[in-house]
Amino acid sequence: MSSVDQFESIFKSATKVRFNYQEIHIQTVLLVNDCDESGRNHLLKFATRFLRVLESHKNVDWILLNGSDFANIEDLLKGIERHRPDLIVTYRHLHSESWQWPYSLGEHLDVMTQVTDTPVLVLPHPKKEGGIPERLEKTDRVLVITDHLTGDHRIASFGVVFTHKNGTLFLSHLEDEEVFERYMEVISKIPDIDSDLAREKIRERLIKEPKDYIHSFQDYIKAQNKPIHSEALVDLGKHLTEYKTWIEEHEIDLVILNTKEKNQMAMDGTAYSLVVELRDTPLLLL
Amino acid sequence: MQESTTHHAAHSVSMGTTLLFATVLVGLIACLALEEKLHAKKSIIVGLFSVITLLMGDVFHILPIGALVNVFDEKITLPVYIPAVDWGVIAIILGSSIFVDVVSRSGLFTWVAIRLTKESKGDPLKLLYYYGVMTVVFSAVLNNVTAMIIVGSLTGVSLSKLERGNLLLGFLFIEGLLTNIGGLLTLISSVPNIIVGNAAGITFIQFFLRASPFVLVATVATLILGAKLFKIKSLTGDEEKSKARAMVESFDENDGIETEAFFKFSGIILVLFILTIATTSVLPYIKDLGMGYVALSFAAITLVRYKSRVDEFYRAIDWDLLGFFVGLFVVINVMEHAQVLNLIGKGMVPIIAMGEKLGTVSVMFGAALFSSVTDNIPLSAILAKILSNIGTSSDSALWWSVIFGSNLGGNLTPIGSASTLVAVTIMHKQNLKVSFAKFVKLALPYAAMQIVLAAGYILFFT
C-alpha cells in the first residue's frame, strides 16, 4: 500500500455507520375495514392478538374506521386526519371485489400509503378463502426488507418495536444481482480494471457494509437487554424471488418494508411488486 | 561507493574538463528543480544525465575502466558504473520499503492511527497533537512519504467525519512540516541521514542520541505555533464534546486487520527490525553485512506471508526513486573523477574556515536554502562526499549541519521535500488551493524557527 487513495479507502472503510435507535411511539391504531359487524369483530380480535407486542409497554387505543364511514378516498383520508393514528391496520381492495384477482392493491390502499406518513400494516384479506392464516398468532418472526439497510435506523427501529418478546428479527439487505452483473459486464470490457479482482472486491464490499451495520444493531440490542434475537440475511439475488424464499424458509409472520420513493409519487417499484404478491403475509409499509 | 574507484579520483584533470563537467552538474540540478515543469520523473532526468556523463567521462579518459581487485586479491571485471553505485544505500531503501509495505497490510499502522483518533475523543487540539506525534514517529520508523500518506489520508477522513473541514489545511500543513522533523530522528528515517551517516561513520544509536532532543523540542514548538497560527482550539461545551466523541467512536480500528495472527506478527517483527537496525554496528557478523542486509532480510521474512503474491509488492516498489539513486550515484562518481567535487570542496573551504561556529552554521544555512528549491538527496550526497574527501572527523559538527540543513530546508517550499509535496497533493485532492507563494508564506515562520533552533542546537549540543 503506497498511495493516498489506498489509505483513504482503508480509513473510509473503518468509518462505520452504527445503529442509532429511534424512538417509535404507537399509542393509537386505526383499523380501516369494510367488513360487516361479525367480520369486523373477528378482524379486530385477530389484529389485537397479532399485534399484542404493542401492548407490552402501554395500552394501545384501537379505533375502527368502518366501511360506512368512508364512501370514497377523500372521506378515508379525512377519517385518518381526524384520528391522527400512529399506525393504520387495513387490507387490500377496500370497497371492492378485486381482492379475488391478485394483481393490484386497490385504490384506497394505494393512495393511503403514499399520502399519509403513518405506517400502514396490511393484513391478508379477511374474505380470502380460508381466512387469515392460522399460523399468524403473533409477530414472532419479523423480516425487515430493504436494498439499502446501512444507516436506515428507522426501519430497524420499527423491527425492534414489532418483534414479540423472545422473537427473532431478521434484518435483510439484498443487492440486485442483475444490476451487479450489468456493472461487471461493463468492467470486463475495461482493460485498466482487473475483472476478477473487481468482481471479488465489489461483491465483498457490498455485503460487508450491511453486515457491519447489523453487527452494530446486535451490539445495541445486547447492550440494551432487548428481549429479542436478531439474524442477518445479506446477499445478492433477484429481489422478489429471494424475498419469497426467505419468507418461506424462516416462516415469517411480519414483513417490514419502505414504500416511499423520494423523487416519485407512486410507490417504490420493488415494494409495489412485493405488496401485490405477498398476500398471505402481513406487511408493515413505511 | 567502493574504495577502488576513489583511488582514481585524484588523477590529473584539466580545469577546462572540470568546468565542463561542473556545467553538466549544474544542468542536472536545474532540471531536478524544474522537475514539475518538465513533466519528467526524477529517474529519467538523472538517468539521462548519467548516460551523458559516463560517455563524456570515457571520451575524456577520466573513468577507472578496468578490473577491480577484491580483498582476496582476485580480479573482478565489472562495468564502471556498477561500483559507482552505493549499493548499501539502495539495499536499505529497497528492503525497508518492501518491509514497510508488507507490514502495513497487517493493518498495524492504521490500527495505531485510528486508536489515537478515538483517544482524542474528537477534540481538534488533542487530535492535532496526537497526529503530530504520530507523524514524527511514523516518519522516523517508516519514511517521510509513507508517514505523510498515512496520517494525511486519515486526517482528511477524520476531519470530514468530525465536520471540521475548515481545519484541514492547518492539519495537513503542520503534518507536512513534521515529517521532515521526524525524518531527523534516526539514521534510517530519511535518505540524507543514511547517506551522510554512512559517510561519517555515525551509528544508529549515536545518531538517535544526538538528534532526538532536537526532534522533541522542534516538534513541540511546531505544534504550539501551528495551533496558534491556524487557531486550532479545544472543544468547550459538553454537548459539543459528546457529539465529537460519538463521531470518532464510529471508527473501527479492527476493520483493516486481515488476521489477528499476522497483526501480532507484524508488531513483533517491526520491533525486531528497529532493534536489529539500531544494533547493526555491534552485532557479530551482521555488522559486516550492514544495514542493507538487515533491511533486505526482514523484507524477505515478511514476504513469506504473501509468498504466492510477492509480485504485487514488487510492482509497488518505487522504481522511480531507486532509479534516481542509481543514476545519481553514477553522476556523482563521474563528477568525482572529473574533480568537480574537489572544486566545490575548495569553494567550501573558506566557508568552513570561517570558524568552528560560523562555518558550521553557514554550511547548515546553505544546505537548507539549497534543499528548499531542489532535491536534498544530491546535495547531501555531494556534501557528504566532499566532507569525506577533506578528511572530516566523524564527530565534527559539519556532518550534522548537512543533516539538519538538508532535512529542514525541505520545509521552506512545497517542492523542498517529497513529503511536503505529498502534503500539497493531499491538499489539492481535498480542494484546498495552496499556491507555491502561499505555501512559502505559511511555511516561513515554522521553517525559520526550526532552522534557528537547529543552528543553536548544533552550536551548543553537538
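In this predicted model, strand β6 (residues 168–176) of chain A is joined to β7(A) by nine bridges, and the two strands run parallel. Within this pairing, A:Leu171 has A:Ala232 of β7(A) as its bridge partner. Helix α7 (residues 195–223) of chain A packs on the sheet, where it touches β6 and β7 of chain A, and its direction makes about 170° with that of β7(A).

The sheet can now be followed as a whole. In chain A, nine strands form an open sheet with mixed pairing, in the order β2-β1-β3-β4-β9-β8-β5-β6-β7. Its edge strands are β2 (61–65) and β7 (229–237) of chain A, each of which pairs on one side only, and the twist from one strand to the next averages 20°. Across β1 (28–32), β2 and β3 (87–91) of chain A lies helix α3 (residues 73–83) of chain A, which runs at about 160° to β1(A).

In chain B, a helix pair deserves attention. The axes of helix α17 (residues 340–352) of chain B and helix α19 (residues 376–389) of chain B come within 9 Å and cross at roughly 75°; since angles of 65 to 115 degrees count as roughly perpendicular, α17(B) and α19(B) are therefore roughly perpendicular to each other. To their contact α17(B) brings B:Leu341, B:Asn342, B:Ile344, B:Gly345 and B:Met348, while α19(B) brings B:Ile382, B:Lys385, B:Ile386 and B:Asn389.

The two chains also meet, in a contact that takes 15 residues from chain A and 23 residues from chain B. On the side of chain B that touches chain A, α8(B) gives the most, with eight residues, and by class that side has eight nonpolar, eight polar and seven charged residues.

Definitions and conventions. Residues are numbered from 1 along each chain as its sequence is written. Chains are lettered from A and ligands numbered from 1 in the order in which they are written. This is a predicted model: local features need pLDDT of at least 70, side-chain atom pairs count only at pLDDT 80 or more; totals for chains, interfaces and linings use all residues. Two residues are in contact if their C-beta atoms, placed from the backbone, lie within 7 Å. Helices (H or I, at least four residues) and strands (E, at least two) are DSSP runs, numbered from the N terminus. Ala, Val, Leu, Ile, Met, Phe, Trp, Tyr, Cys and Pro count as nonpolar, Asp, Glu, Lys and Arg as charged, and the others, Gly among them, as polar. Axes are lines fitted to C-alpha atoms, for helices over the stretch in contact, and angles run from 0 to 180 degrees between N-to-C directions. Angles under 35 degrees count as roughly parallel, over 145 as roughly antiparallel, 65 to 115 as roughly perpendicular and the rest as oblique. Two strands pair if DSSP finds at least two bridges between them.
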